[in-house]
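Here's a quick tour for anyone meeting this structure for the first time. Have a look at it below, then read on.

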Amino acid sequence: MAAPIPALVYFSSKSGNTHRFVTRLGLPSFRIPMGKDPLPDPGYPFVLICPTYADGEGRGAVPKQVIRFLNDPDRRAGIVGVIGAGNRNFGATYALAGRIIAQKCNVPLLYSFELSGTETDIARVRAGLAKLGRHQCSTAA
Amino acid sequence: MKDTLATRIPRAINWNRLDDEKDLEVWNRLTVNFWLPEKVPLSNDIQSWATLTDHEKQLTIRVFTGLTLLDTIQNTVGAPALMPDAVTPHEEAVLTNIAFMEAVHARSYSSIFSTLCSTKEIDEAFRWSEENPHLQAKAEAILNTYAPGNDPLKRKIASVFLESFLFYSGFYLPMYWSSRAKLTNTADLIRLIIRDEAVHGYYIGYKFQRGYEKLTEAEQQELKDYAFSLMFELYGIENQYTEELYDEIGLTEDVKVFLHYNANKALQNLGFEALFPPEVSEVNPAILAALSPDSENHDFFSGSGSSYVIGKAVATEDEDWDF
C-alpha cells in the first residue's frame with residue numbers, strides 16, 4: 001500500500017493567499033468555511049495550514065473559524081502537524097498562528113511560508129508531507 | 001463617473017452594517033497598530049550614528065529622504081486618489097487611516113533626522129531627493145497612474161507596488177544596520193512602518209482582487225499585462241537607483257535580491273504569481289532575521305526523517321482559546 005499523505009485542512013480568508021498556496025500544492029484538502037457552514041471532517045490524520053491575523057501585540061493571530069474547528073476534541077485528535085502562513089513584515093508575529101496552534105495542540109510546527117508561498121515553499125511542503133506520510137505509515141504498522 | 005458624486009445622497013457611515021467584513025478587520029488592525037515616532041527612543045542611536053563613516057551617514061540620510069518622498073506621495077495623492085473608487089463607505093474610512101499613517105511615516109524620518117543629523121546634512125539630502133533622476137522617475141511613474149480619470153484598478157496596482165515594492169530599496173539599509181547591531185532604535189521605528197505598509201499593501205491588493213474578479217477574461221488579461229509591464233518599468237528604475245546608492249558600499253547585489261523578493265510579494269498581494277525565480281529571490285538570512293526578529297524560519301520537514309518526534313495531541317479546554 002502506498003504511503004498516504006496526511007489530509008490537508010486549511011483556512012483562507014477572502015484575500016485567498018492560503019487558498020492559492022493549497023491549490024498549487026495540488027493535494028486533497030478541506031477548507032474550513034469562513035461563515036457558519038458545517039465544518040469539514042477530514043478523518044485521521046491531517047495537517048492544518050493556517051494564516052496569521054495578529055495585531056501588533058500578537059492578539060487575534062488564529063482565525064476564529066480555526067478555533068471553532070479545533071475546539072472539537074474529536075477533530076483536534078487528528079492533527080499531526082501545523083504549517084503557519086504570514087508575512088515577515090509583521091516582525092515577531094510572523095506566522096504566529098502556526099506557532100500558537102503547535103503549542104496548544106502539542107504538535108510540530110512543520111513549516112512556515114509567506115503570503116501565497118514561493119515555488120521553493122511548494123516543493124518543500126510537498127516533499128515534507130510525503131515524508132510525513134511514510135513516517136505515519138511506519139509508526140502505525 | 002466622478003459626476004455621480006454630486007448627485008449622491010450624503011450617507012452617514014454605519015459600522016454595524018458591513019458590505020465587506022474585511023473593511024472592519026483591517027480598520028481594527030490599523031487602529032490597534034497606531035503609533036507615533038515619539039514612542040521610539042531614537043536618541044539612543046546617537047552613539048551608534050557616530051560610528052558610521054561620512055559616506056555611510058550620507059547614504060542613510062539619502063535613503064530616508066527617498067522613503068519620505070514615497071510616504072509624502074502616498075499621504076497626499078495616493079491614498080486620497082483611491083477614495084473616489086471605494087465601493088463601500090467603510091473602505092473610504094480605512095483609506096483615510098492609511099493616508100494619515102503615511103503622514104506619520106513621512107514625519108518620522110524627520111524625527112530621525114533631527115535626532116541624528118545636522119541641518120546642513122538634512123538640507124543637502126532633501127535637495128538630493130529633488131534632483132535625483134531615478135527617485136523622481138519612480139515618483140512620476142506612480143503619480144501618472146494616480147491621475148484623475150485613470151482606471152481605478154490600475155491605480156490600485158500602482159498603489160500596491162508603491163506600498164509593497166518601491167519602499168524596499170530603502171528599507172534594506174536600516175535592516176542591514178540592525179543586523180550589524182547599528183541604529184537599532186531607528187530599525188525599531190522602520191519596522192513599525194514596514195508593518196503598516198504590509199497591511200496597506202494587503203488591503204489595497206485585496207480590494208484590487210474584488211474588482212478584478214468581476215471583469216471578463218479579456219479585461220483581466222489586459223490588466224494583468226499592465227501590472228507586469230508597470231512592474232518591469234519600476235524594477236528598471238529601482239535597479240538604477242539601487243546601483244547609484246549602494247555600489248560604493250558594496251551592497252548592490254544583496255539589495256537587488258531583496259527587490260526581487262519584494263516584487264514577488266507585491267504581485268502576490270494582487271493575487272498574481274511571482275515574477276522572479278527562487279534562485280534570485282533568496283534574501284540574505286541576516287536581513288530576514290532583522291525583518292522578523294524572534295521568529296526563526298521553521299522547516300521541520302528538512303530535518304532527517306528518523307528524528308521525527310510527533311507530539312500527542314492533548315486535551316485543550318475551550319477557555320484556552322480565549323480570543
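Which residues point one way from β3(A), and which the other way? A:Phe46, A:Leu48 and A:Cys50 go one way, A:Val47, A:Ile49 and A:Pro51 go the other, and all are buried.

## Before we go on

This is a predicted model: local features need pLDDT of at least 70, side-chain atom pairs count only at pLDDT 80 or more, and totals for chains, interfaces and linings use all residues. Residues are numbered from 1 along each chain as its sequence is written, while chains are lettered from A and ligands numbered from 1 in the order in which they are written.

## A strand on the inside

On to the pairing, for which DSSP must find at least two bridges between two strands. Strand β1 of chain A (residues 7–11) runs parallel to β3(A), joined by four bridges; here A:Tyr10 has A:Ile49 as its bridge partner. With β4(A), residues 79–86, the pairing is also parallel, over six bridges. There A:Leu48 sits opposite A:Val82, and A:Pro51 opposite A:Ala85.

## The whole sheet

Zooming out, chain A has an open sheet of five strands in the order β2-β1-β3-β4-β5, with parallel pairing. Its edge strands, β2 (29–32) and β5 (109–114), each pair on one side only.

Methods. A residue is buried if 20 or more other C-beta atoms lie within 10 Å of its own, exposed if 12 or fewer, and partly exposed in between; C-beta atoms are placed from the backbone. Helices (H or I, at least four residues) and strands (E, at least two) are DSSP runs, numbered from the N terminus.
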